[in-house]
Amino acid sequence: MTEKEQIIKEYKQTLYMPHSRARNEVLYSLIGRADIIKDHYLQKYLRWMYADELMRCGDQGKVFPVVAEYISLRKEEEEWCPPGGVDGIEYMAEYCLEVLCYLPQISLAQAEDIIKVLEEMLLFNRYGRRLYYQRLFRFYSAVDTYKALEYYYLFKNTKRDIVSDCRACEQADMARLFFRMGDMAMADRLACPVLDGTLKCHDVPRNVWILYLQRALDYKDLAKAAPLAESLYRASEINDPTDLGYFGGIMRCFAYTEPGRAKMLLKKFLENWEVLWDKEKWFSFLSGSWTVCHECAKQDSIIHVKMLKNKVPFWNKDGVYNIRELEGWFYNEAFKIAESFDKRNGTSFYTEEFERTVYSASYKEGQRFWLVEI
């Protein structure tokens, strides 16, 4: 059996593995072997499959370099005509456009250059325009409202095709756009078929619940927040990095409503520390962790956590941590990420979001509230 045949055989075996870190690791190793034998088709195809797995179960930010390698391989072809008519450019473009939202380390100019390359490839393949516009109105929702609306209307006027997103995800993205713009009447109308259960998929309604959960917490409306946090908790997987952003919102709520559970979750994540490339999810996690520490510090001065050595920047050998120091660390890290997003986007969207998290933590019933409706 040749090495190519062996790689194909082992790839087919991965199809019977559950979506997990182990499956991702096998695919990553197969890519390395395909690179050694320089089999162009396998190099491309395995990167497509690996990217798909990362989007399903893993740190989605890590998709970006995989897509960059895929595009480089595709540019080597005399014509963009895949062997056997099988290609993944529509999907790889979608993955790349999605993770650009999560990577503030990619400058806006670099991001827009990448967008142009992907548009050229999608035009050649004829499919994926609706999905392309959908990803762009999501990307620009925190960058440029007018551009976001321009792509939103292009999306609405483009027919669905074989690679369009599922209807539930489309509806959730539209609701998120108007939610971010502050048009709550439109956001509520668009979110209705998601919230009533008419439309749902793997991430829907969770990605809409988290919007309403964070908003309720900004106003310290715990009666609205608590059931949303519980629903998110039951629907999310604590060991899946793609769900870490949801747990950030859950911990923020539990810090007020169920501090014991909030502390337990924080300890769990500290014990299994993993810094995400996906900075949007990481920002949510840091904000939730800051809230837990802020609330815990009112009662306790220390927390006991058995962390793996060298994985956590503030690790110490005795496993005893000053909660006020942890609170300061989470605050500084969350603020730095908010600043990096806003510097890339030329807005104040993320710093204002973090300010709402911080200010709402100090709000007490009966006070004049700091957040005013526009």
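**A walk through the loops, helices and rings**

P205 is placed in the loop between α10 and α11 (206-218), where helices (H or I, at least four residues) are DSSP runs numbered from the N terminus. The peptide bond that runs from V204 to P205 is cis, and its omega is near 15°. The model is a predicted one, in which local features need pLDDT of at least 70 and side-chain atom pairs count only at pLDDT 80 or more, while totals for chains, interfaces and linings use all residues. Residues are numbered from 1 along each chain as its sequence is written, and side-chain values use heavy atoms, with hydrogens and water left out.

Another loop, between α2 (21-37) and α3 (40-56), holds K38, whose phi is near 55°, a positive value in a residue other than glycine. K38 is exposed, with a relative accessible area of 66%; here exposed means over 50% relative accessible area, buried under 20%, and partly exposed in between, with a 1.4 Å probe and protein chains only. K220, in the loop between α11 and α12, also has a positive phi, near 55°, and is a residue other than glycine. K220 counts as buried, at 18% relative accessibility. This lysine lies over the face of Y256, at 4.4 Å from the ring centre, a charge being counted as over a ring if NZ of Lys or CZ of Arg is within 6 Å of the ring centre and within 35 degrees of the ring normal. In R130, the charged end sits over the ring of F155, 4.2 Å from the centre of that ring.

Turning to helix packing, the axes of helix α9 (residues 167-181) and helix α10 (residues 184-195) come within 8 Å and cross at roughly 160°, where axes are lines fitted to C-alpha atoms, for helices over the stretch in contact, and angles run from 0 to 180 degrees between N-to-C directions. The two helices α9 and α10 are therefore roughly antiparallel, a term for angles over 145 degrees. Residues that make the contact (heavy atoms within 4.5 Å) include A168, F178 and F179 of α9, together with M184, L190 and V194 of α10.

The rings can be read next, and a search of the whole structure finds 36 aromatic pairs, a pair being rings of Phe, Tyr and Trp (its six-membered ring) with centres within 6.5 Å, counted as stacked if the planes are under 30 degrees apart, edge-to-face if over 60 and tilted for the rest. In one of these, the rings of Y233 and F247 have centres 6.2 Å apart and planes at 85°, so the pair is edge-to-face. Because Y233 lies in helix α12 (residues 222-235) and F247 in helix α13 (residues 244-257), this pair ties together parts that are 14 residues apart in sequence. Y233 is partly exposed, with a relative accessible area of 27%, whereas F247 counts as buried at 2% relative accessibility.

The rings of F283 and Y350, with centres 5.8 Å apart and planes at 80°, also form an edge-to-face pair. That pair links distant parts of the chain, since F283 is in helix α15 (residues 279-296) and Y350 in helix α17 (residues 349-361), 67 residues apart. F283 is buried, with a relative accessible area of 3%, and Y350 counts as buried at 3% relative accessibility. Finally, Y233 and F247 belong to one aromatic cluster, formed with F254, F269, W273, W282, F285, F314, Y321, W329 and F330.

Terms used. Parallel < 35°, antiparallel > 145°, perpendicular 65-115°, else oblique.
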